[in-house]
Amino acid sequence: MDRVDGERAELEATVDRLRTELEGLRTAMRTRAVIEQAKGVLVGRFGYAPERAFDELVRRSQDGNRKLAQIAADLVAAAAPPPAAREAPAPAAPAPPAAPAPPAAPDAPQPAQHVQPAQHVQPGQPSGGEEEGNGPGLAARFHLAAAALATAADPDELAEHLHRTALDPLGAQALVLAVREPDGALRLVGAHGVPARQLSQWQRIPPLTRVPLTEAVRTGRPVWVADRREFAARYPELGGDDLVPGTTVCALPLHADGRLLGALKIGWAERLDPDPAVRAHLAALADLTADALLRLPGAAPSAPATPSAAPGAVGPAGVTAPLDPAGAPWFRAVLDGLLDPVLLLRAVHDEDGKVTDLRVEHANAPTVDLAGRDAAELRGRRLTELYPGMVASGTFDRLRTAAADGIPYLGETERYVETVGGSARASAMTVHAVPFQDGLLLTWRTHDERDRRIAQLAQTARLTRAGTWEWHPGDRRITCSDNVPPLFGAADATGDLDPRAALDAVVPADREAVRAAARALLDGRASVTAEFAVRAADGQRNLRALGEAARADDGRLLALTGVVQDVTPWRRAERALNDTRDRLADQRRRTGDEQRAVRALQQALMRAPAGRPVPGLDSAARYLPAERERKVGGDWYELLDLPDGTVLLAVGDVSGHGLPAAIVMSQLRYALRGFAYDGAPPGQLLDRLDRMLCHQRADHIAAVTVARLDPRTGHLAWARAGHLPPVLLHDGTARTLDPPPGLVLGVTTRARRPTAELKLAPGDTLLLYTDGLIERRSTAAGAGAGAGAGTDPDAGVHRLLRACTDYRAAPGSAGLLDHLLRRFGAPNPSDDICLLAVRRQD
């Protein structure tokens, strides 16, 4: 166990280290382009190799004590100044003007008109050259922004990079990006520093609404508002309220691809009077932003609508696709108003479509995870990267399954452990997640030890149907938990109970026992237990009360406390169990009586007189009832000498067990005796039995073999009704007789059963038997030779013929039958056995 914990700690430490390195790589990616451009400048200007060029940049960074990206940006800015801002398209022109040159690319820097800084710079106002603290100038910031914007994955991230690299150094506090839709309205696509509530209210701005953004789009030129007083004067219908917070605001048109894409609005907390260099710098940034917006899915207003288009894309007809609620400001504003942290997770799929991970699309304002990270630090990251401890505990697999199957995950309170910065942090939390689009909406709540114990106690009380009560001397009411008053019939669970009302709810027969228990506690007994019944809507409820007395050192009574439990289900179960036991015992008694009666009847039938001995014929019969199931069946046999000198032979099997089967068996046996005296052949005898059974409409069928044997001549006539054919033993061999067709009795009166004939030679033995001899319902029945016979009748007949052939004792029907019963492990646990053998003597 220690080894497993050690490996887990080592794995979590490795993940933490890799996570830190990955964060550094993300930061480096935002400046990689400008560094590569600077290397190209050095290679082209001085003929350095790429490695030498990078070393030179590092040396300049160390000598000047400035960041490598700032050195690179300054070098690129000197070699390729930012392009001038694009002019607004002429309103009357039949076609938009050609687009100016794009910003410098890493492989082919393009020189453009340099925006010279103003000669006069106000206090605290940034200029186009170097700033205090060796910060980058405006030109360098432009190239830093270009490199950062190239890495943005969505408009919100684009706005964040723009603010961080270019606008924050100018003192800006917030910005929004809006694109113009075909009907002239503006749709917000990205923002930074603007409250979600404001974004929700300004999500779509109609074209006739007069605000700085619509003015910038309408005129195609920057719109500056110096302060809030000027804003209120220019836009009185807004009452001084605005989308972007700040004192000074400006709206800049976004020109891209020869057309007006939309507008960018920026706000400053303090009043700003920018010089021409700053204004030109902001205009160039707006064009840079417009170029970046064009490559992002769902941002451009004319993006074609396809099945794979991103939410927010606009189709050819100008109809905007439904916005993704995960990115809708109104939805995020709702999430920010919640008390608990909420993560919007998007499923990550592999090539086969299987969910492999979950990525954080958004985190609401209250989000602070176990590692102390807030919403901004979680966005865009995967759960496996953020929480390796969740992966190790199995919670991640359950969340992944919930996302794949669309089934909510409602976790119990668990202890979560994460390793951050080399140290372990733990907390007890309850995690819930519900399906949300292609992912999950996940929330959690942390619990301290007290909350966990309270939850456990509440669960215990609920599962055991128990509650607590407490009474102090002088109080007129009993204080109790909320689930106790309803047990005594109170309509409202108010947390206390009137003792008189509680006693009135007790059934009269148990009230004195309750009073006696209360007196025992008051008189000094340490604890008492009482069980009583109370009236309830469904009859009555059984309660068990346990109480104890708390006393001071001088013996004074301080309080009576205890627990009351609803034991109605247990008492009902006990009564039901007792009733079931009584019914079972009665059923066993009646079944035993019936079995004994049927057994006596069947034994009496089997011992019925079979007529006088027949000269020249050796006969024997055996009847063995089923052993295991103790069910009397309908198997029977018949051996009767007839007035014409022939002998009637028969075996039969009636379906079913018990007294009804025994009655049908007796009817068939005695009816066959009566029919046989008129000399009819066996086939006709079976047809008569069939008509009798069908006429009685009995719920039984019967399989019967009937034979008439003349001992003097050996002539045998026989027929069958669905029964196994007899076995003939001749000169040490055994075979079954070729069976004539014959349907079982009790199905239809139209069936006709032919009679077959053959001649028995002296010494031949004829064996008739029921299927209980050769068939077994379970292969585990017995360990003798009969075990494993199975339920295949053909296999059983084969074994029967082999057993008959193996019989080498002195000729005799009785010895043959005893040999067969031993060979097949009789009795059969599940079925009766009837055997009848006759041997024509020499």
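The following legends describe close-up views of one predicted model.

The model is predicted, and local features need pLDDT of at least 70, side-chain atom pairs count only at pLDDT 80 or more, and totals for chains, interfaces and linings use all residues. Residues are numbered from 1 along each chain as its sequence is written, and side-chain values use heavy atoms, with hydrogens and water left out.

**Figure 1. The largest cavity and its lining residues.**
There are 2 cavities of 30 Å³ or more. On a 1 Å grid over the protein atoms alone, a cavity is a set of points where a 1.4 Å probe fits but cannot get out, whereas a pocket is an open set with protein on both sides within 12 Å along at least five of seven lines; lining residues have an atom within 4 Å of a point. Grid points are joined across faces, edges and corners, and a volume is the space filled by probe spheres set on the points. The largest cavity holds about 150 Å³ of space, and its lining includes L343, D369, Y387, E418, M429 and W444. Two or more lining residues come from each of β10 (414-420), β11 (423-435) and β12 (439-447); strands (E, at least two residues) and helices (H or I, at least four) are DSSP runs, numbered from the N terminus. By class, 10 lining residues are nonpolar, none is polar and 2 are charged. In this classification Ala, Val, Leu, Ile, Met, Phe, Trp, Tyr, Cys and Pro count as nonpolar, Asp, Glu, Lys and Arg as charged, and the others, Gly among them, as polar.

**Figure 2. E412 and M429.**
E412 belongs to the loop between β9 (409-410) and β10. With a relative accessible area of 60%, E412 is exposed; the term means over 50%, while buried means under 20% and partly exposed lies in between (1.4 Å probe, protein chains only). Although E412 and M429 are 17 residues apart along the chain, 8.3 Å separates their C-alpha atoms. M429 is also one of the residues that line the largest cavity.

**Figure 3. The second largest pocket.**
This pocket contains about 800 Å³ of space. Its lining has 30 residues, and W469, I478, P499, V514 and A518 lie nearest the centre. Helix α17 (508-522) is among the elements that supply at least two lining residues, as are α16 (499-505), β13 (466-471) and β14 (478-480). The most comes from α17, which gives 7 residues. The lining divides into 23 nonpolar, 2 polar and 5 charged residues.

**Figure 4. A salt-bridge network containing E215 and R234.**
Side chains of opposite charge can pair when their charged atoms come close. A salt bridge is a side-chain nitrogen of Lys or Arg within 4 Å of a carboxyl oxygen of Asp or Glu, and the structure holds 35 of them. One joins E215 to R234, with 3.5 Å from N to O. This pair links distant parts of the chain, 19 residues apart, with E215 in helix α7 (residues 212-219) and R234 in helix α8 (residues 228-234). E215 is buried at 9% relative accessibility, whereas R234 is partly exposed at 25%. R210 and E230 are linked with E215 and R234 in a network of salt bridges.

R400 is partly exposed at 25% relative accessibility, and D397 is partly exposed at 36%. R712 is exposed at 57% relative accessibility, while D710 is buried at 14%.

**Figure 5. Backbone details at P827 and D731.**
A cis peptide bond, with omega of about 5°, joins A826 and P827. P827 is placed in the loop between α22 (813-823) and β28 (833-840). D731, a residue other than glycine, has a positive phi near 50°. D731 is found in the loop between β24 (727-730) and β25 and is exposed, with a relative accessible area of 69%.
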